[in-house]
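Please examine the sequence and the three-dimensional structure shown below. The paragraphs that follow lead through them step by step.

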Amino acid sequence: KYHSDEDEIELIVGMIEAGYSSQLLFGLDTTRERLRSYGGKPGLDHISVSLLPMLRRRGVPDSVIEQIMIANPSVALACRC
């Protein structure tokens, strides 16, 4: 039903290596049964607590992580009114 974190990291690193870092956004789709406040896992902090450290261990530079976590969402969510 779910990919492992390791599988997700492989996919993300592959996209970064293929030159797609400027097009990536991270999101977390979770249900009540998976929310830590209800006794589940992974919790809403999963990206920052688990995935980002795994990316760093794989050698993804902080500048790329910042692009994915801050710059790309800023562009994607900007109001074009």
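Leaving aside its neighbours within four places in sequence, with which residues is His 46 in contact? The residues in question are Asp 5, Leu 28 and Leu 51, where contact means heavy atoms within 4.5 Å. The model is a predicted one, in which local features need pLDDT of at least 70 and side-chain atom pairs count only at pLDDT 80 or more, while totals for chains, interfaces and linings use all residues. Residues are numbered from 1 along each chain as its sequence is written, and side-chain values use heavy atoms, with hydrogens and water left out.

His 46 has its place in helix α2. Helices here are DSSP runs of H or I with at least four residues, strands are runs of E with at least two, and both are numbered from the N terminus. With a relative accessible area of 12%, His 46 is buried; the term buried means under 20% relative accessible area, exposed means over 50%, and partly exposed lies in between, for a 1.4 Å probe and protein chains only. The side chain of His 46 is joined to that of Asp 5 by a polar contact of 3.1 Å. A polar contact is a pair of N or O atoms within 3.5 Å; within protein, one must be able to donate a hydrogen and the other to accept it, and residues adjacent in sequence count only if both atoms are side-chain atoms.

The view may now be widened to the whole protein. Its secondary structure comes to 3 helices and 0 strands, and the pattern along the sequence is α-α-α. Of the 81 residues, 28% are buried. Among contacts with a separation of 6 or more, 53% are between residues 24 or more positions apart.

Helix α1 covers residues 5-17, and its 13 residues should span 18 Å at 1.5 Å a residue; the end C-alpha atoms are 18 Å apart, which agrees. The expected span is 1.5 Å times one less than the number of residues. Within α1, Ile 9, Ile 12, Val 13 and Ile 16 are buried. Seen down the helix axis, the buried residues of α1 fall within an arc of 100°, so they line one face of the helix; the arc is that of the directions from the axis to the C-beta atoms. These buried residues pack against α2 (46-57) and α3 (62-76). Just after α1, Gly 19 takes a positive phi of about 95°.

The largest nonpolar core has 14 residues, of which Ile 9, Ile 16, Leu 55 and Val 60 touch the most other members. Such a core is a set of buried Ala, Val, Leu, Ile, Met, Phe, Trp, Tyr and Cys residues joined through side-chain atoms within 4.5 Å. At least two residues of this core are supplied by each of α1, α2 and α3. Beyond residues up to four places away in sequence, Leu 55 touches Ile 9, Ile 12, Val 13, Phe 26, Val 60 and Ile 65.

Finally, consider the loop between α1 and α2, where Ser 21 and Ser 22 are found. Ser 21 is buried, at 14% relative accessible area, whereas Ser 22 is partly exposed, at 44%. Although Ser 22 and Ile 68 are 46 residues apart in sequence, their C-alpha atoms are 7.0 Å apart in space.
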